[in-house]
Amino acid sequence: MLTQFPNEPATLTAASPIRALQAAGGVLDLIPVGIYLCDPDGNLIHHNAAAAELWGRRPALGDPAERYCGAYRLHAPDGTLLTQERSPTAVALRERRPVRDVEAIATHPDGSRVSLLLYSTPVFDEHDGLAGAIGVLVDVADRQAAEQVTRRLAAIVDSSDDAILALDRDGTVVSWNHGATQLYQYTEDEVVGRPISMLIPPDRGDEETDILNRVLRGERVERYQTVRLRRDGSTVDVSLTISPVLDRGGRIVGVSKIARDITERKRANERRDLLLAEMNHRVKNLLVMASGIISLSARSATSVKGLAADVASRLAALARAHELTLPARPAEPASLGATVSLHALIDTIVTPFDERAPDGTRRVAVSGPDIEIAAGSPLTGMALLLHEFATNAAKHGAFAVPGGTVDVQCAEAGGRLVVVWTERGGPAVRPPGEEEAGFGSRLVDLTVRRQLAGEITRRWHPDGLVLRLEVERDRLNA
């Protein structure tokens, strides 16, 4: 047994390999990994400072209780206790072979733990006799942390909805995540090892080459919008972010790509642009209409107060009509091609004048087919007409007295919409003279002819006015 050694030069000879290593203890202390020496019976005869730090203690040399390893307590990764006889050094000495890459957890006397990789190699003398063993301890905490980060990143990449792939310098696919499969419809096995050009539309053949060359020069390409091919031959709009992949030496060895499907975003932008164009068109129409209302009102107004009241009431009627085109939920965008039903428009316009009779019945009755009117000029025109009918009834007709009623009948005939407004129970009416025709009458006639390509007739009966409006049905959907 090698329990005592004379002071000899630190020379490693075939006859005394363990003695030479022990004599070189000062040199071993300079090595940043843990190193310890055992005699043929497994007794600990030397360890360096790094080994003591990893064990969390300085075990007594030559103590049989410290055979094979100086750890306070040693466990396998699954928590199984590694007894002395199961330690790597015991196996190496018993089976006379190297034992490598054994994962273990060393528990320190204070309860703290450190993850280790254990290596143990038997040492033989010149006669092939067992001289002892040398053990090596490697702290793998840093490696485990790196592996954990790598696993976390891999999980993020694999679970991402974005397509994330990597190419080598020649443009060959070397990695492909689940998001890429969802976007392009190819599985990883179908793509890895094939050129990325399989995803490029024929009319964009030079695009990928140009991008690859830019990235290989060290550039980063961000939010590049283009089109790519799916497995079924269809195209998809994507936004690409492309970056170089570097090795440890800083050399560019490949390219990483992140592709995001922007099909819905592009459609949303197109819808937004169309809605803005429609809004611009509607606003211009309303401003032109408002300007016309003010100009015509000014010609017939007898006072500033009267002018303000007439203009305000007509603009309010337009506002109530256009509120009908708004969505039920504020968060929901207004859609192109919005329509309003004729009955809803009539109800909205006459509601401010429709005081209920003493018996609780309404003063306005609406019947006939309920057609749809397009938002925009048709809706504006119909709203102004109905508003003029209602305000005239409030000034001179059925709405001017408590018992007056209005019957509105809607019908369709020969591609035309017919609306008959019949007033009953109001004061006696008579046709106005030419000099009495005011702004309202002129506005009604202009709106019917110019906006709706229709005509209007008026009949004055002893019990009330009857208005018959006819417009081209197609003009209401323009």
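Arginine 223 is exposed, with 62% relative accessible area (over 50% counts as exposed, under 20% as buried and anything in between as partly exposed, using a 1.4 Å probe and protein chains only). Keep in mind that this is a predicted model, where local features need pLDDT of at least 70, side-chain atom pairs count only at pLDDT 80 or more, and totals for chains, interfaces and linings use all residues. Residues are numbered from 1 along each chain as its sequence is written, and side-chain values use heavy atoms, leaving out hydrogens and water.

**Positive phi**
- Most residues other than glycine have a negative phi.
- Arginine 223 has a positive phi, near 50°, and sits in strand β9, residues 221–229 (strands are DSSP runs of E, at least two residues, numbered from the N terminus).
- Aspartate 128 also has a positive phi, near 65°, and its place is the loop between β5 (113–124) and β6 (130–139).

**Aspartate 407**
- Aspartate 407 is part of strand β15, residues 405–413.
- Aspartate 407 is buried without a salt bridge, and arginine 424, the nearest side chain of opposite charge, is 4.6 Å away (a salt bridge needs a side-chain nitrogen of Lys or Arg within 4 Å of a carboxyl oxygen of Asp or Glu; Lys and Arg count as positive, Asp and Glu as negative, while His and the chain ends are not counted).
- Setting aside residues up to four places away in sequence, aspartate 407 touches Ala365, Val420, Trp421, Thr422 and Arg424 (contact means heavy atoms within 4.5 Å).

Definitions and conventions: Helix = DSSP H or I, 4+ residues; strand = E, 2+ residues; numbered from the N terminus.
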